[in-house]
Structure formats: structure tokens, C-alpha cells
Amino acid sequence: MGEDEHGGVYGSEAGLTSLCNSVTRVLTVATQTKVHYSAMVQRITKIGLKPDIGCFVLFDGGFSGLVVLNFSGSAALEIYEKYMLSMGMPKSELATAFTSDEVSNILGELMNQIVGDFTGKIRRELQTNITQNQPKMLVLNKQVMLSVDTPLDRPEIRRVSFFTENNNIFYLE
């Protein structure tokens with residue numbers, strides 16, 4: 001994250017870029033593969049958990065928000081497999097279905113690392129305190145809409161597409 005043209009004021013776009021960089025950095029290191037995101041950012045009106053796997057975490061303090069990662073089953077399984085293989089697990093011992101609790105647990109742990117990386121950068125660069133809850137991960141067959149009961153004048157909701165090494169797609173909201 002860096003200063004924008006307004007003399008050191010950090011806006012939501014800079015925060016989103018920093019969050020996207022945290023997702024990319026943590027997943028690239030964890031899976032030892034290339035994860036990247038699209039330069040196109042969608043403005044959306046509602047945030048939710050979408051099939052096949054949705055994960056969310058709330059953070060609050062000097063900077064408040066809700067972060068959602070929505071994974072297709074193939075993206076979730078690829079990230080899980082590459083992470084476990086990079087940790088030295090034999091392929092024969094890995095879960096084979098994205099609906100496995102083990103896949104959800106690993107993605108929840110990676111989500112925790114992503115948000116920890118992001119909030120650490122915010123603390124250092126903006127010198128503000130942020131707390132986060134434990135990420136929650138759900139295997140879904142239908143969309144679940146989320147809302148946060150917090151007094152925000154103009155909440156901003158964005159969606160960014162991410163791609164795994166095998167071009168499986170997942171989304172950050």
C-alpha cells in the first residue's frame with residue numbers, strides 16, 4: 001500500500017490492492033505456485049458466500065471490514081493439494097473431494113494467514129489497531145448473503161477474480 005495523490009490519504013482502492021497482494025503472496029508461498037488476480041475490479045451491491053466453498057472473516061478497529069473468499073470446488077482442491085504437497089504430505093494421503101473437512105480446515109487456515117498479513121500491513125503502515133475474528137468456512141450448494149451491522153456511511157463492496165496456476169477461479173469480496 002502506498003500514498004495516493006491526496007498527500008498520504010489511504011483510500012479503499014489502496015486497501016483493496018493491499019488485500020489482493022496479501023492473497024497472492026500468502027497463496028503463492030503456501031502452494032509454491034503462481035496465483036494472480038485480474039486488474040478488473042467489479043463494484044457490487046451485495047456480499048455473500050457462494051458455492052462451492054465460502055470463507056469469511058470480520059475485522060474491526062481503525063479500519064473495519066468483511067473479507068469473503070469464494071472458491072469453486074476445483075480451485076479449493078487445487079490450493080489444498082498444492083499446499084499439502086509443498087508441506088511434504090504424500091499425494092496418497094490427501095483428501096480427494098473439496099467437501100472434505102480437511103480441505104475446509106486448510107482453506108480456513110490460509111484465510112487466517114491472508115488476513116493476518118493484510119492487517120499487519122495496515123497496522124504498520126497506518127499505525128492503527130485492527131482485530132479480526134477466526135475465519136469461518138462453509139461448503140455450500142446455494143448462495144448466502146451477508147451483511148454487517150456497523151455504522152458505515154457509504155460501504156464499498158468490490159469483487160476481484162483470482163486465478164490459480166491451473167486457471168481455476170476464486171473470488172475475493
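Predicted model: local features only at pLDDT ≥ 70, side-chain atom pairs only at ≥ 80, totals over all residues.
Student: What percentage of the residues in the chain are buried?
Tutor: A residue counts as buried when its relative accessible area is under 20%. Of the 173 residues in the chain, the buried ones make up 40%.

Student: Which pattern of helices and strands does the chain follow along the sequence?
Tutor: The secondary structure comprises three helices and nine strands. Read along the sequence, these elements follow the pattern α-β-β-β-β-α-α-β-β-β-β-β.

Student: What is the radius of gyration of the chain, and why is the chain described as being as compact as a globular protein of that length?
Tutor: For 173 residues the globule rule gives 16 Å. The chain comes close to that value, so it is as compact as a globular protein of that length. The radius of gyration of the chain is 16 Å.

Student: Which element of the chain has the highest mean pLDDT?
Tutor: The mean pLDDT of the chain is 89, with 92% of residues at 70 or more. Among the elements, strand β5 (residues 130-132) has the lowest mean, 85. The highest mean, 97, belongs to helix α2 (residues 73-86).

Student: Which peptide bond is cis, and in which loop is aspartate 52 placed?
Tutor: Most peptide bonds are trans. The bond from proline 51 to aspartate 52 is cis, with omega near 15°. Aspartate 52 lies in the loop between β2 (47-49) and β3 (53-61).

Student: Is glutamine 32 buried or exposed?
Tutor: Glutamine 32 is located in the loop between α1 (12-31) and β1 (36-43). Its phi is near 55°, a positive value in a residue other than glycine. The cut-off for an exposed residue is over 50% relative accessible area. At 60% relative accessibility, glutamine 32 therefore counts as exposed.

Student: What is the phi of asparagine 167?
Tutor: Asparagine 167 is found in the loop between β8 (158-163) and β9 (169-172). With 54% relative accessibility, asparagine 167 counts as exposed. Although this residue is not a glycine, its phi is positive, at about 60°.

Note on methods
Residues numbered from 1 in each chain as written. Heavy atoms only, no water. Helix = DSSP H or I, 4+ residues; strand = E, 2+ residues; numbered from the N terminus. Rg over C-alpha atoms; globule rule 2.2 N^0.38 Å. Buried < 20%, exposed > 50% of the residue type's maximum accessible area, 1.4 Å probe, protein only. pLDDT = per-residue confidence, 0-100.
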